[in-house]
Amino acid sequence: MTEYQLLIQRYDPEHDNEPRLQRFTVPGDHTTSMLDALLYVQQKLDVTLGLRWSCRMAICGSCGVMVNGIPKLGCKTFLRDYHSEIVIEPLAHFAVEKDLIVDMTQFLAHLSAIKPYLINDYSGTAMHKQTPAQLAKYQQFSNCINCGLCYSACPQFGLNPEFLGPAAITLAQRYNLDSRDNGKAARMPQLNGKNGAWGCTFVGFCSDVCPKQLDPAAAVNQAKVESAKDFIISMFKP
Amino acid sequence: MSSPKRSDEPVWWSLFSAGGVCFAVFLPGLILALGILWPLGLLNSSVLQYAQLLSLLQSGYGLTGLAFTGAVICLPLFHAAHRIHHGLHDLKCGYSSATKLLCYGTAGLLSVLALYFTLSLLLKY
Amino acid sequence: MNTPVSARKPYQSKLSRSWWLKHNYYRLYMLREATVLPLLFFIGCLLYGLYCLTQDAAHWQSFQTFMQQGWVIALNLLAFAASLFHAKTFFALFPRVMPLAPAWLMISGQWLATLLVAAGVLLLFGGWL
Ligand code: SF4
Ligand code: FES
């Protein structure tokens, strides 16, 4: 067991006007995740520490925090990879509700704005058929766990919260590329706006921090190509 | 939800992308030759003397000359204008439709100037 | 029934102008964006040279003298480095925006193009063509 120094950002809306850092010492070995350490703090040192988590296996997407300034899933990040002090803060660019808990309302609104579901006029009961090649077109973009890490990595979202952001635009691409879907025309208006794909300047950090390797930056920029095509087509339409 | 207004960014982004390709493919060689080796006297040929340069241009200018100006001056100018315009947003430095006009306007004016020089060279000889 | 008073008081931090200094990734991004500044200088040189060319031999001579000044060469060295850094980043982004072929193939193909153009320009201006 090694001792680790955690500096955790605390914010109590009932008493604080702004966040502050609080130091905790936690034991850990090579299997201790950042989430384990935070839960140790909550269970053994300070029961008032607020944080979100559920699956502990990088699938629910709820345990995102900033570790030394970089968005990470707490359950997929390990103390063994850190030395000296570890600073843990809530996800950047979101409003902090309490301690490490942020308000994801805007993120969820952006996700639903691009209609993230199959749109078609199919009403039969027979199964949809899809070839492996058709699946491969969008499969990579379909692995999102809605953790929001990419939004914390994106300065354009930080500068402009109206920007739809990496995950939402990736999700739009995911459905637009699905052979079972006919909803592209309904999604393009969102992507075509200045807060759609055009809000991105290809900083690219979102792809670095994505725990599921979706490469959201690539998806957003492929959406720019789609939007540019849509722009040209619109010029020839009355 | 009402749909947002269509952005005119496709126009600027296309120019930016084309300019980015030119910047990456044509400019390194050109800067190396004209900006570094020639001034240092390491490109010791007569090609870059006035008379020779003109005869070179006379032999193969025309549309090639316009394409050259477009590829090494005009498109890179729009590339630069785009990055500066978005850089103003990144740095919170007065990003607005006025700075947009200023950035792309300057790129457009300088492009026209470059094309005018090229054309006048073409017509002169 | 009375509505309970909300205890919510979300804290929203604002991104400062210097956000890009906080992380190496962002610094490299800004460096990438800043490559256009020395590029603009070189384009200025080209415009000046083009103008001199439309005039006469004396003007062209003064353009050469201008280009031979130490600070101009220094800035053009910077522009050369910037063009290479830009090329490196731009070539890496291209296959992600338009995945037309395997990334390594697209990247090396683009470098090959840059190399060929450079060789062509040097051959031409060096008088070997
Ligand atoms: S794209 Fe990646 S980083 Fe962004 S929300 Fe989805 S899984 Fe998380
Ligand atoms: S706890 Fe579910 S992703 Fe970390």
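# Briefing: chains A, B and C

Helix H9 of chain A (residues 216-235) has 20 residues and, at 1.5 Å a residue, should span 28 Å; its end C-alpha atoms lie 29 Å apart, which agrees. The expected span is 1.5 Å times one less than the number of residues. This is a predicted model: local features need pLDDT of at least 70, side-chain atom pairs count only at pLDDT 80 or more, and totals for chains, interfaces and linings use all residues. Residues are numbered from 1 along each chain as its sequence is written, chains are lettered from A and ligands numbered from 1 in the order in which they are written, and side-chain values use heavy atoms, leaving out hydrogens and water.

**Helix H9 of chain A**

- Helices (H or I, at least four residues) and strands (E, at least two) are DSSP runs, numbered from the N terminus.
- H9(A) is mostly covered, with 14 of its 20 residues buried.
- Buried means under 20% relative accessible area, exposed over 50%, and partly exposed in between (1.4 Å probe, protein chains only).

**Domains of chain A**

- Chain A divides into domain 1 (2-102) and domain 2 (105-235); the bounds come from an automatic or database domain assignment.
- The centres of the two domains of chain A, taken over C-alpha atoms, are 29 Å apart.
- In chain A, 15 residues of domain 1 are in contact with 17 residues of domain 2, where contact means heavy atoms within 4.5 Å.
- Domain 1 and domain 2 of chain A bury about 1,200 Å² between them, and carbon and sulfur atoms give 69% of it.
- In domain 1 of chain A, A:Pro71, A:His93 and A:Phe94 lose the most area to domain 2, together 47% of what that side buries.
- Buried area is the accessible area (1.4 Å probe) that two parts lose on being put together, summed over both.

**Chain A with chain C**

- Here 34 residues of chain A are in contact with 18 residues of chain C.
- The two chains bury about 2,200 Å² between them, 57% of it on carbon and sulfur atoms.
- On the chain A side, A:Phe202, A:Val203 and A:Phe205 lose the most area to chain C, together 22% of what that side buries.
- Chain A and chain C share 3 salt bridges.
- One salt bridge pairs A:Asp103 with C:Arg8, their closest N and O atoms being 3.3 Å apart.

**Chain B with chain C**

- Contact takes 52 residues from chain B and 54 residues from chain C.
- About 4,900 Å² is buried between chain B and chain C, 79% of it on carbon and sulfur atoms.
- The rule finds 1 salt bridge across this interface.
- B:Arg83 and C:Glu33 meet through their side chains in a salt bridge (3.3 Å, N to O).
- Helices H1 (9-25), H2 (27-37), H3 (50-60), H4 (63-90) and H5 (97-124) of chain B each give two or more residues to the side that touches chain C.
- H2(B) gives the most to that side, with 11 residues.

**C:Gln110**

- C:Gln110 lies in helix H5 (residues 103-125) of chain C.
- C:Gln110 counts as buried because its relative accessibility is 14%.
- Not counting residues up to four places away in sequence, C:Gln110 touches C:Phe91, C:Phe94 and C:Pro95.

Notes. Salt bridge = Lys/Arg side-chain N within 4 Å of Asp/Glu carboxyl O.
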